[in-house]
Amino acid sequence: MARHPAAFLALLVLLAAGCARLPAAIPEGSGVWRGCLNRNPVTLDPAYVVTLLDSSICALLYNGLVRFDESGRVVPDLARTMPDVSADGLTYTFELRRGVRFHNGRELTAEDVVYSFRRILDPATISRRSWVFEAVEGAVAFNRDERTDLPGVRAEGSHRVVITLAWPLAHFLSLLAMPAGYVVDRNEVERHTDPRDYGFHPVGTGPWVLESWVPGAYLRLRANPDYFEGRPHLDALDYRIIEDGATAVAEFRAGNLHLLRLGPVEHAVFQRDPRWEGFLVGAPDLAVYYLALNCEKEPFDNVLVRQAVNHAIDRQAILEAVLPGRYVLANGSIPPGLDGHDPHLEGYRYDPALARRLLAAAGYPRGFRMEIVQTSSPGVLQITEPIQRMLAEVGVEARLVQLESGAFFATIGDQGNPDCFFVSWWADIPDAENFLYPLFHSRNRGGGGNRARFSDPAVDAILDRARLTLGAAERSELYRDAQRLVFSQAPWVPLYFPINYLACRPEVGGFVACSIANAQKMTGVWLAPPPAAD
Amino acid sequence: MTAYIVRRLALMVPLLVGVSLVTFTLLYLVPGDPVQSLVGERATPQMVESIRRELGLDLPLHLRYGRWLARTVRGDLGRSWATHRPVMVSLIDRFPITLKLSVLAFALSTLLGVTVGVATAVREEAGGDHLARWALLGGQSVPIIYLCLVFMYVFGVWLRLTPVSGLGDGSIRYFLLPAGALGLYTSVYKARMTRSAMLEVLRQDYIRTARAKGLSERVVIYRHALKNAMVTVVTVLGAGLSALLVGSVLTETVFGLPGIGKLQIDGVYARDFPVVMGCFLFQAVVLSFTNLAMDMAYAWANPRIRFD
Amino acid sequence: MGYGMDGLWARARRRLGRNRGARAGLVIVGTLAVAALLAPVLAPQPPGRMDLDRVLLPPGPGHPLGTDYFGRDMLSRLIYGARVSLTVGVVAQSLSATVGVTLGLVAGYCGGWTDLVIMRLVELMLCFPDLLLAVGLTVALGPGPYTLFLALGLVGWPGMARLVRGEALALRDREFLEAARATGTGPVRVLWGHLFPNCLSPVIIAVTGGMAACIMAEASLSFLGLGAQPPTPSWGSMLNLGRPYLHLAPHLVIFPGLAIALAVFGFNLLGDGLRDALDPRRSDFPG
């Protein structure tokens with residue numbers, strides 16, 4: 001169903017509809033949300049957050065100057081309005097809301113914002129997200145410990161923050177909406193003898209306050225009655241940590257969870273069950289799944305081989321069998337819904353005969369052996385096993401190497417030199433830049449994100465220009481060009497953009513699925529009095 | 001007796017050092033760089049380098065081990081690389097969960113196992129019926145994961161008698177299903193051992209004598225036979241208890257109980273060096289102490305054994 | 001009363017013949033072994049042949065046990081899966097038996113310092129929980145068939161060594177060994193030619209039980225994502241990958257589960273029977 005852009009639009013409508021029908025009045029204090037997380041959060045300190053899961057919990061506790069709304073647009077958050085940006089695109093002036101209080105009651109001022117941003121860049125912090133601020137004036141030197149001041153972030157009075165950049169960066173506001181841009185209370189961070197303990201006792205300004213966290217078991221958040229946008233409808237959020245998918249399904253069926261992220265199989269089961277009709281919510285994830293070919297390694301340093309591999313794989317057939325209704329076939333890297341997505345980009349069609357001819361032309365008439373490195377999660381095999389079979393048809397003998405995630409990321413990063421690997425890329429920010437610059441700029445080869453080790457000066461030039469281009473239309477044209485140029489050289493076998501499905505209990509109202517993890521603030525969600533269990 | 005215990009305790013020290021060395025070597029062999037999985041996407045080499053320094057990974061191997069040992073002797077197991085939570089705190093938080101699960105499962109499996117074992121032995125002795133033996137063997141052939149899933153669906157989802165999974169508020173209700181599944185699973189082996197120990201005893205001369213004296217079958221079985229069979233059974237029970245106390249990874253994973261086993265398996269996956277070292281060490285301590293307790297219980301149950 | 005191989009086998013065959021359980025176990029294990037050996041002949045289809053138009057078919061004509069999510073024939077995959085599961089068991093058990101028996105014999109026979117060192121090593125290894133040690137080894141060495149052999153083999157040897165040492169210790173001063181030594185037989189000959197055959201029965205029983213344990217362990221490791229690697233179908237990985245389909249296509253879970261249960265049952269029965277046949281003292285399998 002999702003092969004066509006029109007079907008995709010229909011999905012977006014479904015997403016906005018949410019689950020339950022609106023009642024006349026939303027009941028205040030409508031109870032406790034029961035959700036689940038598939039892993040224990042690592043930390044709730046914005047300086048160390050790297051996973052989507054941590055990011056989504058931090059979104060509930062903190063605010064940044066700006067944030068993403070449900071559709072991924074940047075909107076003001078702690079800032080009263082969108083900032084004033086100077087004509088050269090280098091100076092951003094933010095006016096803060098007044099009367100915003102941390103969970104401990106202290107009022108937030110511009111100094112807190114400056115402290116929080118400095119902290120990310122402070123070399124002593126060793127934050128994983130210092131790159132978010134690298135365009136800020138003086139940031140790189142400050143982060144390398146080559147200077148002690150950070151001229152790019154200043155407080156002017158108690159409620160104005162001025163940020164100056166060293167070079168214009170079109171998507172800078174999106175970066176500020178990432179967890180790294182969340183504002184923390186200096187006193188709370190420095191209260192702990194080991195500052196890293198702050199990650200277990202987070203204090204923000206957000207709609208929810210962390211009440212308790214039993215590692216591996218659950219998190220409980222209660223509503224912040226003084227939240228500046230008004231108290232959330234729900235009283236509390238209970239997030240149980242349930243790692244096993246089958247267990248989560250059992251809990252949901254028993255009525256103990258309000259929301260369930262559906263795997264492809266469960267999706268099929270729930271879809272056939274009339275009781276759940278109207279309670280399945282679909283939302284595209286801003287992510288792309290692909291098979292990366294190592295452009296620096298024989299035989300994939302030959303573009304003909306890379307194209308041959310693309311022609312040898314019937315992506316549509318695999319996806320239709322494994323993920324029916326849950327994918328948009330990818331021909332490039334920029335997902336639909338982002339400026340720069342190109343619905344007219346031609347993919348490599350399935351043509352094993354052509355693949356064999358290309359292999360022969362490249363000097364591999366009898367094929368070759370290769371390894372496909374992948375993680376050991378079960379869903380992965382469902383994609384790579386048929387790929388293995390299809391490659392065998394054109395004489396390429398692929399061995400599947402399953403690594404658990406630690407070894408996997410080390411291997412595909414700077415530590416290894418794999419032939420080929422199956423991986424996904426998830427958006428930090430809803431911006432086309434995020435799907436091209438880290439993935440294909442030669443500067444980011446290896447651990448920086450360009451794991452296919454693709455390198456083309458022409459692509460680099462376009463990407464560098466696009467980062468400095470402020471006009472939206474011109475920018476998205478540049479990204480479209482870059483994408484076309486990249487994929488004509490086939491560094492990947494792009495597979496699909498995922499569509500995520502959630503099952504929602506009938507009593508849930510006001511829930512809107514978000515395509516970016518930290519857009520979900522859970523403030524508009526409410527619960528109707530529960531009907532009889534299923 | 002005291003001297004024996006002191007000697008056993010003293011022997012634990014080199015054993016624990018050995019365990020830590022083996023674990024250390026194993027972790028050293030783990031391919032790939034632990035730092036890579038800590039930094040996530042978009043790591044600059046400079047960032048990787050500073051984290052490496054922070055964790056002491058830039059030191060030569062023997063110094064790393066030395067530092068770990070020196071800290072551990074002072075009772076500090078370090079902090080998790082991934083979460084920065086002190087390992088000791090995690091162990092103290094999580095052991096009660098494993099303990100609760102173990103004790104419940106152990107009680108259930110002992111009760112069930114010994115009862116079934118005795119009953120089947122007595123029946124078999126009387127009628128030569130092998131059905132029970134086959135059934136017990138069959139029971140031992142079901143993978144534990146499936147037992148867990150069946151319990152979860154039958155009692156949690158369909159009958160709604162118990163919570164489906166999770167720790168909840170930590171009350172006993174939440175442990176009923178996992179302990180039930182685990183207890184049932186481990187009881188089969190105990191039943192088999194009890195059965196065979198009982199059969200062996202029941203064939204002994206003194207039992208025949210007791211019967212010949214006209215003692216009631218009840219007295220013969222419970223007063224004489226079971227008491228003697230228990231000597232063997234106690235060993236089995238002890239081994240079963242220590243196997244539970246080190247954490248039941250699969251049950252804890254399926255039911256979402258954050259016990260020791262779960263802590264450790266997560267640590268292994270994340271290459272979380274201090275957590276894995278701490279867990280293996282902790283388990284070695286638990287195993288050593290339960291072994292000691294078991295040997296003493298064995299000696300107590302069987303006065304012929306003397307400590308040398 | 002020492003005896004050589006011939007006496008042992010004759011006695012065992014006689015006793016095994018009388019034991020119904022052991023016969024049943026032998027039939028089950030034998031059938032699985034034949035299936036594994038003759039997999040290419042017996043399997044109706046190559047195990048990897050996909051048919052994306054015929055996925056998740058329930059058992060029926062053409063596919064007696066249905067098809068999986070790629071439209072592969074379940075029966076064929078189960079037959080090939082027997083190869084993996086049995087190979088894992090056989091190789092891992094050979095490994096742990098070789099190491100365990102050698103060290104156990106040497107420790108028990110030599111005594112003194114040798115014994116002390118070997119037994120401390122055994123105790124050290126026994127301080128690691130089995131499954132977690134196997135997981136640690138698998139992660140350290142990277143999952144794969146050889147890792148699986150090695151991990152499960154290394155986990156098994158200390159128990160074997162302790163068992164054999166106990167036997168050797170009990171037999172060390174018996175007359176038949178005295179006699180062998182008196183006639184000038186070298187220590188290696190005494191160890192392997194005389195002592196070993198007399199320790200053989202508990203070893204065989206332990207290996208049989210160990211096979212069952214290995215099959216279970218492979219399933220557990222698969223559950224943790226560390227089992228056999230594709231495209232090789234192993235029962236454990238089939239079971240684990242089929243788990244999400246519990247509601248949609250239960251045959252994906254039931255048949256591999258049954259295969260595991262059957263194999264474990266077979267080996268346990270056989271082990272039980274062997275215990276009866278080979279060990280006059282006891283009548284049940286000790287594990």
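Tutor: Start with buried area, which is the accessible area that two parts lose on being put together, summed over both. This is a predicted model. In it, chain B and chain A bury about 3800 Å² between them, and carbon and sulfur atoms give 50% of that.

Student: What makes residues of chain B count as in contact with chain A?

Tutor: Contact means heavy atoms within 4.5 Å. By that rule, 40 residues of chain B are in contact with 48 residues of chain A.

Student: Why is the pair Lys262(B) and Glu243(A) called a salt bridge?

Tutor: The rule asks for a side-chain nitrogen of Lys or Arg within 4 Å of a carboxyl oxygen of Asp or Glu. The closest N and O atoms of Lys262(B) and Glu243(A) are 2.9 Å apart, so the pair meets the cut-off. Across the interface of chain B and chain A, the rule finds four salt bridges. There are also nine residue pairs in polar contact between these chains. On the side of chain B that touches chain A, the residues divide into 16 nonpolar, 13 polar and 11 charged.

Student: How many salt bridges does the rule find between domain 1 and domain 2 of chain A?

Tutor: It finds one across that interface. Arg129(A) pairs with Asp428(A), with the closest N and O atoms 4.0 Å apart. The two domains of chain A bury about 1300 Å² between them, 72% of it on carbon and sulfur atoms.

Conventions
Residues numbered from 1 in each chain as written. Chains lettered and ligands numbered in written order. Predicted model: local features only at pLDDT ≥ 70, side-chain atom pairs only at ≥ 80, totals over all residues. Heavy atoms only, no water. Buried area = accessible area lost by both parts, 1.4 Å probe. Polar contact = N/O pair within 3.5 Å; in protein donor to acceptor, adjacent residues only side chain to side chain. Nonpolar A, V, L, I, M, F, W, Y, C, P; charged D, E, K, R; others polar.
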